[in-house]
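Please walk me through this model in the viewer, one selection at a time. Tell me what to click next and what is there.

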Amino acid sequence: MEKSKLKKLLSGMCCSVCRHDFDENAITVIREEKELLVLRITCPDCGKGFGIALLGTGKDCVKDDEPLEFKPCPMPISYDDVLDAHNFFDKLDKDWTKYIPDNLKI
């Protein structure tokens with residue numbers, strides 16, 4: 001992928017831990033296929049990993065004249081959210097697998 005497109009992709013983004021701006025060094029291409037890139041995103045300053053991203057690169061996916069738009073992020077998970085999840089799991093009985101849809105059971 002061209003460095004200019006990477007810079008455009010990362011413009012305005014920074015590490016949530018150290019606030020270092022992302023640059024092309026934040027992305028490692030793990031796999032490149034015909035119209036797909038698999039990328040690992042890591043802060044080049046503090047080393048915080050941000051996971052794996054799949055990026056479509058087909059003609060229909062990438063348009064140079066259209067800027068990227070970022071939507072507002074949802075609110076971070078609160079302590080109350082963690083407590084609610086804990087209470088939910090704590091109250092599950094021995095037959096908790098009944099809550100898993102049949103098509104997802106192994």
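R19 is the opening stop. Select R19 and find its place in the loop between α1 (3-10) and β1 (27-33). The model is a predicted one. Is R19 buried or exposed? R19 counts as exposed because its relative accessibility is 57%, and exposed means over 50%. Now look at the backbone here. R19 has a positive phi of about 65°, although R19 is not a glycine. Most residues other than glycine have a negative phi.

**The whole chain**

Zoom out. How many helices and strands does the chain have? There are two helices and three strands. Read along the sequence, they follow the pattern α-β-β-β-α. The chain has 106 residues, and 12% of them count as buried. Its accessible surface comes to about 9200 Å². Carbon and sulfur atoms account for 55% of that surface.

Next, colour by pLDDT. The chain average is 80, and 81% of the residues score at least 70. Which element has the lowest mean pLDDT, and which the highest? The lowest belongs to α1, with a mean of 70. The highest belongs to helix α2 (residues 79-90), with a mean of 92. Keep one caution in mind while colouring: where pLDDT is low, the predicted coordinates should not be read in detail.

**The sheet**

Select the three strands together. They form an open sheet in the order β1-β2-β3, and the pairing is antiparallel. The edge strands are β1 and β3, each pairing on one side only. From one strand to the next, the twist averages 15°.

Start with β1 and β2. These two run antiparallel and are joined by six bridges. They form a hairpin with two residues between them. Select E33 and look across: E33 stands opposite L36 in β2. Then select R31, whose bridge partner in β2 is V38.

V38 stands opposite L54 in β3. Here strand β2 (residues 36-42) meets strand β3 (residues 49-56). Six bridges join these antiparallel strands. Select L37 next, which stands opposite L55 in β3. Then select L39, which stands opposite A53 in β3. In a regular strand the side chains alternate between the two faces of the sheet.

The hairpin of β2 and β3 has six residues between its strands. Select G47 in this turn: G47 has a positive phi of about 85°.

**A stop at T28**

Go back to strand β1 and select T28. T28 and I41 are 13 residues apart in sequence, and 6.6 Å apart in space, C-alpha to C-alpha.

**The nonpolar core**

Show side chains for L10, C15, F22, A26, I27, L37, L39, I41 and C43. These nine residues make up the largest nonpolar core. Which element gives the largest share of this core? It is β2, with three residues.

Leave aside the neighbours of C43 within four places in sequence. The contacts of C43 are then C15, C18, H20, F22, K48 and F50.

Note on methods
Residues are numbered from 1 along each chain as its sequence is written. Side-chain values use heavy atoms; hydrogens and water are left out. Helices (H or I, at least four residues) and strands (E, at least two) are DSSP runs, numbered from the N terminus. Buried means under 20% relative accessible area, exposed over 50%, partly exposed in between (1.4 Å probe, protein chains only). pLDDT is the predictor's confidence in each residue, from 0 to 100. Two strands pair if DSSP finds at least two bridges between them. Accessible areas come from the Shrake-Rupley method with a 1.4 Å probe; for residues, only the protein chains shown count as cover. Axes are lines fitted to C-alpha atoms, for helices over the stretch in contact, and angles run from 0 to 180 degrees between N-to-C directions. A nonpolar core is a set of buried Ala, Val, Leu, Ile, Met, Phe, Trp, Tyr and Cys residues joined through side-chain atoms within 4.5 Å. Contact means heavy atoms within 4.5 Å.
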